[in-house]
Amino acid sequence: MAARWPAARRLSRRPLPHGKEGILLSQTTIAQPGREIAVRRTPRSRKIALWCWLFVAPNLIFFAMFQGWPIIVNWYYSMLDWSGISSDAKFIGLGNFKELIADPYFWNAYKNSFLFMLGAVPLLLVLGLLAAVVLNNPLLKLAKMYRTLFFIPVVTTASVVGIIMVYIWGSEGAVNYALMKLNLLDQPVNWLGDPHWAMFTVILIYVWKNLGMNMIYWLAGLQSIPRELYEAAKVDGSTPAKTFVHITVPLIVPVGLVITLLNVSGALKVFDMIKTMTDGGPFFATDVVSTYIYRFAFSSEIGLPRLGYASAAGIFFAFTIVLIAVLQAVIRKMIGSAGRGRGA
Amino acid sequence: MRVVPKVFVHAALLLLSFVWIYPFLWMVSASFKTQTEFFEKGLSLLPESWDTSNFARAWTNGKFESYFLNSVIVTVTVIVIVLIITSACGYALGRYSFKGKGVILAVLGASIFVPLEFSIIPVFQLIKDMGLMNSLGGIILAESGGGHVLFVLLFASFFRQVPKELEEAATMDGCGFVRTYLSVILPLSKPIIGSVVIMQFIWTWNSFLLPLVLTLSSPELRTLAVGLYALRGENIVDWTGIAAGGTIALAPIIVIFLFLQRYFVDGMSGAVKG
Amino acid sequence: MRGIKKGLWGMVLLLLIGQLAACSGSGENNKTSAGGSGEADGPSETVTLRIMDWSDSIKTVREEFHKRFMEKYPNIKIEYTQLTIDQFKNTVLTAVKSGEAPDLFPVPTGMKLSALVKDGWFQPLDPYLDQSFKDKFVDGTFQNGTTMANDQIYSIPEAASLPSSLVFYNKKLFREAGLDPENPPATYSEFREAAKKITEAGKGRYYGMIEGGKQNNRWTTTAKEWASLGGAGLSGSSPINLATGETTYDSQEVLDVFDLFAGLRDDGSFHPNTMSISAPEARALFGQGQAGFIVQGAWCIGVWNKENPDLEYGVMAPPVPDSGRKGSIPVLSSQPWIGLSADSKHPEEAALYLKEYYGGDYFQQERVSSGDAFSVVKGINEQYSKVEQLKQYYDIVQEYGRLIPDPNIGNPASSAVFNQFKDVHPDLGELLGGTVSGALKDYKTPLASYSAQVDKAWQAAIEAAKKEGAAVEASDFVFENWDPMKDFMPEDYRTSK
């Protein structure tokens, strides 16, 4: 991830196309993003390095206690044949992982997790940015009200949303009613109960629920752009569309990357919504890794639950994602440096 | 401004908004329906019965009168803690390069993909070993826990954008590291602070399992979300009660949101003139 | 920032004021529970009894019971927490691990009492309960392997165990579809035909059948118990056929049930919402007259009679294959429920609670007369069961249900095998749900492979249990003298080997 940041910064410093000296000037003098302040080995800077660590420390301590430690414990669990209930834990090394890899339904859940992420994240990013840009316009009357309305689904608890959506997307719900009135459908579809439509529907509802949050992130990002830039652009006679492409987009890319990361990790870990709406069904059509884990960790029909196995599924999933992220960063870096080499 | 497109924009936005909050309106209307009406006239947004017993039931079952205050105390404290630690961390990581930074970023970043929702045991054990079981302190600590990677990154990427000159000027005025951060840098990050407050508010406000497990022997310390779940049983589900509870629980969040909203528009006035 | 702070603190302040105003009344109680030994209400200190379970269908009666209990024993304060089963498992597990377990809590579903006793979850109840209390219960309530372990009582059943796979039908819809409400369908073909007729008569307003299709355990129960009525010998208590020791999930009896459900699906007889709702939602929609049939348990009766007083419904036995009945609905011997935590500091008070719960003059009586369930206490059902449908339900179970052998009674050590058994997915219920949703066209192959996998998992579980030193054999799970048309009685365990 650290590797991604310089890439973003290159983008944001990309020179603007022809004849926009005014903007260029204002960008370099006012909006030039502050560079990192390197800490050199002088007494003063040693003091600063100390301050840096002091500033980082509280968060690191909270991380170590409540996230780092549980992850380590989970690693350990993942190598046990253990129900989580009795004291009969047995160390079995990689046995759980072997079993996991051999289970086609784990791979189905794995595939569904990515499918869900790939379906939801682009929609969230694009629509969220669109909503933010439209509702960021201070001249738009009632913007405050619209923003609130768009935000409401975010704050409604997932279990309540689950119950509501089962009805709204059910055979006699509002969605079918509207689609049939519009002659787009001749007979009702049980969107969440039909194996062909369930994933699509779950993604749409997830996007609906989380769009407001994305709008807020983007608004925060838009806020960080100095207004002088826009004024300069206006003086230069730039159209709103051009201003958006040439000024807004490059400057919100760094925040955009964080938002993307946030969405990706959120979507890959989705649980509450799927649990309440479909519980992974019909017949595993919306079964994602977290519902798979839940099934093994808590609900067992005859035998005891299998906490060890469930932990292994979680660890394996996270490990492969990190691996993908690292590989992708490395490849991008290689391509990037090759490209720059040619350019120079 | 051209008039026709403006009308068009509002019409589109209004329609979209209606579709958007239809499920929410449905919930509010369901909270006034009887169970029978809930199923028979599912589509209608106007309740016939205006049954307020749902709210009464949600209120007593959810023990709102005692749980609400717990929720507020826990949520407010957690937000303050999280804001302090994440903004400080984001500042150091976003502004300075120092030894060990790369490792910190890599570890924090890699951790966010591990699904930890179900491994409550280590956290529970930790709180217990610290002697904080059955205290609001324990809940607050556990709820504030975690890496807050996303918040840290939001702050870091924001602070990165702040012109270096501001800091240099502050240093020249004789501000130390902490004062520069507190009086010059932090006040700039209002939009991010707003996002973090809202998001942490939602998480903590709705958190269920941790407050439940950490207050096993003192139910009087439970939070609202724990009370609300009592409406959803194993065999019997009180739909209209849940809808009423959902409506009640939603109100404070909407207030907070309306309140924080101006930080996203503040200072933008006149910026995007389209 | 200042604005945020001001607003938030304003809110806190407001709430504090409200709280203070509200608190003045309850302050006294708090003092008492903090250990006010000088209070006038009794010689002993106030004790808080913590109870946790998931018995939500009887919640209002339970709360009234607690109110009465606390009035009778003012020095005992009851703190009752009700969760869903999943939440309960999650919570109680963490609680037991850290010595924070509630005083009284049930054996979680799917777990065997003897394993939990071995792990030190519960303490025996015998020291706190006298013989006259034990005599109150119907015969067979306390048996080694179910509610008892090592010849000591650790747990008491919640209610008489009744199967939950009987069929409720809507009499009004029967008439509208031209069917005889007093003569419900008895075979698979008749059932499918009736469902089809109801669907046709409904014209989209109601359908033949509704189920809580999102809830896998409902499909599993239906598949196993209906197939057993056809002679499959399956039950919820073990993954194998207890007569042969084999896994027979691809037997003709099971396939017949799947054929029936696939047929109902092809006819469009299922309510279109079936696959996206849970059992309580399906029950509510049935209560609204949206479907002709629903497969459910006795606890529905109390709910419908309260929520849908106009609903005209009857209860019938599950249909049998066209070739006739060759088995029975499996009825389990009494199931363990509530037990006393090994860590409980107030066993005497907990025992007092149990005495009032089972032997008092309110709870069992009220529960039975509300139509929620049958009691395990002698004499209560005869005197208080007034609800017609509940009586019918009971009679049908008497006719079609038979006690099945319980390996835990035959050899209490056999619970070790269940503890080692690892569930196989997709299981029988998931396959039946998949069939109804239309995702599975061919169910024969997956059923065969499920059978093979369960067999493997079962053999592995036996091996693992043996390795751990449990005195078990595969033959402990085979009862050759079991006749599914007859109750398997305690004496049959002796002759089975």
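I began with a rule: two residues are in contact if their C-beta atoms, placed from the backbone, lie within 7 Å. I also noted that this is a predicted model, where local features need pLDDT of at least 70, side-chain atom pairs count only at pLDDT 80 or more, and totals for chains, interfaces and linings use all residues. Residues are numbered from 1 along each chain as its sequence is written, while chains are lettered from A and ligands numbered from 1 in the order in which they are written.

**Entry: the chains**

I looked up the secondary structure, where helices (H or I, at least four residues) and strands (E, at least two) are DSSP runs numbered from the N terminus. Chain A has 14 helices and three strands, and chain B has 15 helices and one strand. I then checked burial, where a residue is buried if 20 or more other C-beta atoms lie within 10 Å of its own, exposed if 12 or fewer, and partly exposed in between, with C-beta atoms placed from the backbone. In chain A, 49% of the 344 residues are buried; in chain B, 53% of the 274 residues are.

**Entry: where they touch**

How many residues of chain B are in contact with chain A? I found 88 residues of chain B in contact with 92 residues of chain A. On the chain B side, helix 1 (residues 3-30) gives the most, with nine residues.

**Entry: one helix pair**

I picked helix 3 (residues 43-77) of chain A and helix 5 (residues 101-111) of chain B, which pack at about 45 degrees with axes 11 Å apart. Axes are lines fitted to C-alpha atoms, for helices over the stretch in contact, and angles run from 0 to 180 degrees between N-to-C directions. That angle makes helix 3 of chain A oblique to helix 5 of chain B, because angles under 35 degrees count as roughly parallel, over 145 as roughly antiparallel, 65 to 115 as roughly perpendicular and the rest as oblique.

Which residues meet here? From helix 3 of chain A I listed Val56(A), Leu60(A), Phe63(A), Gln67(A), Gly68(A) and Ile71(A), and from helix 5 of chain B I listed Ile104(B), Leu108(B) and Ser111(B).

**Entry: the record**

I checked UniProt, whose unreviewed entry lists "transmembrane region" for stretches of chain B including residues 67-91 and 239-260. Such annotations may be inferred rather than shown by experiment, and positions are in the numbering used here, with feature names shortened. In the model, residues 67-91 of chain B are 100% helix, with end C-alpha atoms 36 Å apart.
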